[in-house]
Amino acid sequence: MIRAALDRFSGRSRSAKPLRTGELLTGNPLETGPDASRGVILYLEDITVSFDGFRALDELTLYVGVGELRCVIGPNGAGKTTMMDVITGKTRPDAGSAWFGQTIDLLALTEPEIAQAGIGRKFQKPTVFEQHTVFENLELALAGSKSVWRWLNARLQPAEIERIDEVLEIIQLTERRYERAGALSHGQKQWLEIGMLLAQDPQLLLVDEPVAGMTPQETERTAELLTMLAGHRSLIVVEHDMDFVRSIARTVTVLHEGRVLAQGGIDEVQNDPKVIEVYLGV
Ligand code: ADP
Ligand code: MG
């Protein structure tokens, strides 16, 4: 059921039905999305970010494949959040390059342009609109790129309602669609926020500590959700919970002092002496 919803959801390519554009954005080159025909959705090369001389990222090089679910781990201060800030345009690096597919130079774009190009970010703390229903939250997310005027005057198009229904199915909140988001559990709010991201149709999702504060059951369902999304979307997940990382990851990147310390399968990195050393006492 969820898989079917995902397949329908993914079946609509941007070019076939650019749902979130509205007529206002037609013709914008960012709308065509990334060109990942070489199998790589994200290229970070030699990225350096300095804060008062301190290198939060130190010539970081990282590639993420299309449809990949990449886990990024590393001790506090390793540079994980700074890396996400660079990808989303919140922080400008001092040096290096960042490309979304082969044609979109992230360093040339503003934060909203990067979001529009197809990179969505979910912060650790859920930021759903508590007073609004689950459905309305998704509606607002879908409207994100429309003008206020259009939003106030538009009725949802059938295709938009269908899209929200699909997202509800994917995040397993169909039955709670008319409840206030404030009434959801912490885990469900996190899923709703993932759904709000999905409504905006990103090709690459950045997710920061998705299971912090979740119950074991919620954690398990989140693992299922992210695993199912992989393949349909590309994901970078920052997470501390190693059991969770083990349950979802194919490739794990370990950051340390702003660089890649190790990369590979979970067993490989967990048995890597360099990784054991930086995690000792953490
Ligand atoms: P992580 O998310 O892996 O814990 P961060 O990317 O948040 O690491 O931080 C990397 C390093 O950069 C840390 O030492 C942190 O103190 C420093 N840092 C991050 N943001 C800033 C900032 N705005 N000003 C100064 N130092 C910062
Ligand atoms: Mg962080």
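A residue counts as buried here if 20 or more other C-beta atoms lie within 10 Å of its own, as exposed if 12 or fewer do, and as partly exposed in between, with C-beta atoms placed from the backbone. By that rule four of the five residues of β7 are buried, so this strand is largely enclosed by the rest of the structure. This is a predicted model, in which local features need pLDDT of at least 70 and side-chain atom pairs count only at pLDDT 80 or more, while totals for chains, interfaces and linings use all residues. Residues are numbered from 1 along each chain as its sequence is written, and chains are lettered from A and ligands numbered from 1 in the order in which they are written.

**Strand β7 and its partners**
- Helices (H or I, at least four residues) and strands (E, at least two) are DSSP runs, numbered from the N terminus.
- Two strands pair if DSSP finds at least two bridges between them.
- β7 pairs with β6 in the parallel sense over four bridges, and K122 has V207 of β7 as its bridge partner.
- Together β7, α8 and β8 form a right-handed β-α-β unit: with the strands pointing away from the viewer, the path from the first strand over the helix to the second runs clockwise.

**Helix α7**
- Of the 14 residues of α7, 12 are buried, so this helix is largely enclosed by the rest of the structure.
- Among the buried residues are W191, I194 and M196.
- Their cover includes β6 (119-122), α4 (134-143), α6 (158-170), β7 (204-208) and α8 (216-229), counting residues as in contact if their C-beta atoms, placed from the backbone, lie within 7 Å.
- Just after α7, D201 takes a positive phi of about 60°.

**Around ligand 1**
- Ligand 1 is surrounded by F51, A56, G74, N76, G77, A78, G79, K80, T81 and T82, each with its C-beta atom, placed from the backbone, within 6 Å of the ligand.
- Helix α2 (residues 80-87) gives the largest share of this shell, three residues.

**The four-stranded sheet**
- An open sheet with antiparallel pairing runs in the order β2-β1-β4-β5.
- Its edge strands, β2 (54-65) and β5 (104-105), each pair on one side only.
- β4 (residues 95-100) and β5 pair in the antiparallel sense over two bridges, with W99 opposite D105 of β5.

Note on methods: Two residues are in contact if their C-beta atoms, placed from the backbone, lie within 7 Å.
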